[in-house]
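Grab a pencil and open the viewer.

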Amino acid sequence: MTLTAPTCAFERASPLTQALVAEAVRRIEAAGPLDDAAALRQALHTQSTRAAQVAARAWLLGERLGLPAELARWRQLALWSVLALAVLMALAALATARAVLAPDGSINAVAAFVSLLGWHTLMLLPWLAGLLWAGRGAGDLSLGRMALGLAARVPIDRGPHALTLLHAAAAVLRRARLWPWLTGLLSHTIWALAFALMLALLAFGFAFHAYRLTW
């Protein structure tokens, strides 16, 4: 039997993608049943095991709801969300460090160091909490979680189930104890980009102005 396009996409999708779509469909169906006659019939005809049939049915319903396309959009926007948060972190740290600049051009080295890394430290604490209490909803204030939430909320081509897919992804990854590691990877990426941007801006500033370090 020749597989239809949605079923071929299901076969090509990774197990994680299939799980995310299935969880999102389950959450959507919790608000009311979906018309699954065609999807169920196709899943029964194309899959041989019960588990595969259930997953294929969820995928076919997810295709109809636009969930795989929403997930692809989400992945693309996640990079831009990471870059945007990195820029904001760098600018916030530089603005805080500028506050310790004296009128005579002297800089307290200790205060500047604390100012530059203070925002990073504050955002590190929620991630550590999420790592220690994985699966209990902790750590959702981390920069990684913010980046994912921002990507899901960007209105460009956003579907009606964007937030449902985000919550489904969080639930699936929490069950696998991978959620703190994903948010941690994104958070560390944001911190690294922000620190590199801060160094570049500081080097540019030092190239055109003379400052005197004090202790």
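Contact here means heavy atoms within 4.5 Å. You're working with a predicted model, where local features need pLDDT of at least 70, side-chain atom pairs count only at pLDDT 80 or more, and totals for chains, interfaces and linings use all residues. Residues are numbered from 1 along each chain as its sequence is written, and side-chain values use heavy atoms, with hydrogens and water left out.

**Exercise 1.** Find Glu23 and work out what surrounds it.

*Solution.* 
- Step 1: Look in helix 2, residues 15-30, for Glu23. Helices (H or I, at least four residues) and strands (E, at least two) are DSSP runs, numbered from the N terminus.
- Step 2: Is Glu23 buried or exposed? Its relative accessibility is 6%, so Glu23 counts as buried; buried means under 20% relative accessible area, exposed over 50%, and partly exposed in between, with a 1.4 Å probe and protein chains only.
- Step 3: Skip the neighbours within four places in sequence, and Glu23 is in contact with Ala168, Ala171, Val172 and Arg175.

**Exercise 2.** Locate Asp157 and check its phi.

*Solution.* 
- Step 1: Go to the loop between helix 7 (143-153) and helix 8 (162-175), where Asp157 is found.
- Step 2: Read off phi: near 55° for Asp157, a positive value in a residue other than glycine.
- Step 3: Asp157 has a relative accessible area of 67%, so this residue is exposed.
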